[in-house]
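Visitor: I would like a close look at one part of this model, with the cut-offs stated as you go.

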Amino acid sequence: MARPRQFDEDRVITAAMDTFWRHGYEGTSTRDLCDSTGLGPSSLYNTFGGKRELYLRTLERYYETVTAEQIARLNEPGSAKERLRAMMLHSLDSDLDDTDGRRGCFAMNAAAEAAASDPDVKRAVRRCFDRVEDELCAVVGAGQGAGEIASERDARTLARLVQSTYYGLRVLSRVQDDRKALLATVDSTLADL
């Protein structure tokens with residue numbers, strides 16, 4: 001009797017995330033997923049339940065990896081504004097240096113493409129956004145406590161301003177080649193805090 005083929009589920013989810021990230025949910029076919037993961041269609045469906053379920057797993061992987069990296073960057077040493085700037089610049093430079101078609105932010109892409117029509121995608125994306133917002137709020141609050149950021153404004157509101165700028169830059173970097181223009185937006189936002 002033939003033994004079932006073994007595979008590394010983490011590698012498969014990561015490969016699927018990369019495929020969805022490059023092509024979007026609608027633009028990714030089962031064949032694309034099979035090609036990128038090395039699984040056959042029946043293995044893909046037997047293991048994950050289908051394309052949508054695998055997509056949700058990739059959003060979870062994004063939260064566990066990329067969102068976690070964003071949070072770690074915000075928790076590095078430095079002043080509040082230095083940490084906010086470091087997070088934005090890291091993503092900006094990653095996006096501009098992306099040789100795979102400037103994919104932008106996977107969570108933003110999912111929000112734009114599928115969150116309005118799929119409550120599970122919306123929930124997964126919201127989880128990423130909420131986690132980043134909470135950490136931004138903590139950093140802004142620390143900056144207010146240190147006198148670096150104006151304290152008369154609500155920390156949550158300022159965190160949302162930074163987050164909106166951050167995500168906007170992630171979208172703009174897909175079409176804007178001028179790093180200086182994008183950097184000026186980062187610096188202007190931080191100066192206004």
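With which residue does Arg52 form a salt bridge, and how far apart are the closest N and O atoms?

Guide: Arg52 forms a salt bridge with Asp120, and the closest N and O atoms are 2.4 Å apart. A salt bridge here is a side-chain nitrogen of Lys or Arg within 4 Å of a carboxyl oxygen of Asp or Glu. The pair links distant parts of the chain, with Arg52 in helix α4 (residues 51-74) and Asp120 in helix α7, 68 residues apart. Helices (H or I, at least four residues) and strands (E, at least two) are DSSP runs numbered from the N terminus.

Some ground rules come before the rest. This is a predicted model, in which local features need pLDDT of at least 70 and side-chain atom pairs count only at pLDDT 80 or more, while totals for chains, interfaces and linings use all residues. Residues are numbered from 1 along each chain as its sequence is written, and side-chain values use heavy atoms, with hydrogens and water left out.

The pLDDT, the predictor's confidence in each residue from 0 to 100, has a mean of 92 over the protein, and 96% of the residues reach 70 or more. Confidence is highest in α7, at 97, and lowest in helix α3 (residues 41-48), at a mean of 90.

The scale is relative accessible area, with buried under 20%, exposed over 50% and partly exposed in between (1.4 Å probe, protein chains only). Asp120 and Arg123 both lie in helix α7, three residues apart, which is about one turn of the helix. Arg123 counts as exposed, at 53% relative accessibility. Salt bridges that share partners join Arg52, Asp118, Asp120 and Arg123 into one network.

Glu60 belongs to helix α4 and Arg127 to helix α7, 67 residues apart. Glu60 is partly exposed at 30%, as is Arg127 at 37%. By the rule above, the structure has 18 salt bridges.

Rings of Phe, Tyr and Trp (its six-membered ring) pair if their centres lie within 6.5 Å; planes under 30 degrees apart count as stacked, over 60 as edge-to-face and the rest as tilted. There are nine such pairs in the structure. Tyr25 and Tyr55 make a tilted one, 4.7 Å centre to centre with 50° between the planes. Tyr25 lies in helix α1 (residues 9-27) and Tyr55 in helix α4, so this pair ties together parts that are 30 residues apart in sequence. Both tyrosines, Tyr25 and Tyr55, are buried. The ring centres of Tyr62 and Phe106 are 5.6 Å apart and their planes stand at 65°, so that pair is edge-to-face. Here Tyr62 in helix α4 is linked to Phe106 in helix α6 (residues 106-115), 44 residues apart. Tyr62 and Phe106 are both buried. One aromatic cluster takes in Phe20, Trp21, Tyr25, Tyr55, Tyr62 and Phe106.

Lys51 lies over the face of Tyr25, at 4.4 Å from the ring centre, and Arg103 over the face of Trp21, at 4.2 Å.

Tyr55 and Tyr62 are among the residues with the most contacts inside the largest nonpolar core, which has 58 residues; Leu84 and Val121 are the others named. Such a core is a set of buried Ala, Val, Leu, Ile, Met, Phe, Trp, Tyr and Cys residues joined through side-chain atoms within 4.5 Å. Helix α7 (residues 119-145) gives the largest share of this core, ten residues.

Leaving aside neighbours within four places in sequence, Tyr62 is in contact (heavy atoms within 4.5 Å) with residues including Met17, Trp21, Cys128 and Gln70. Gln70 is itself in helix α4 and is buried, with a relative accessible area of 5%. With residues up to four places away not counted, Gln70 touches Tyr62, Met87, Val132, Tyr166 and Arg170.

Terms used
Lys NZ or Arg CZ within 6 Å of the ring centre and 35° of its normal.
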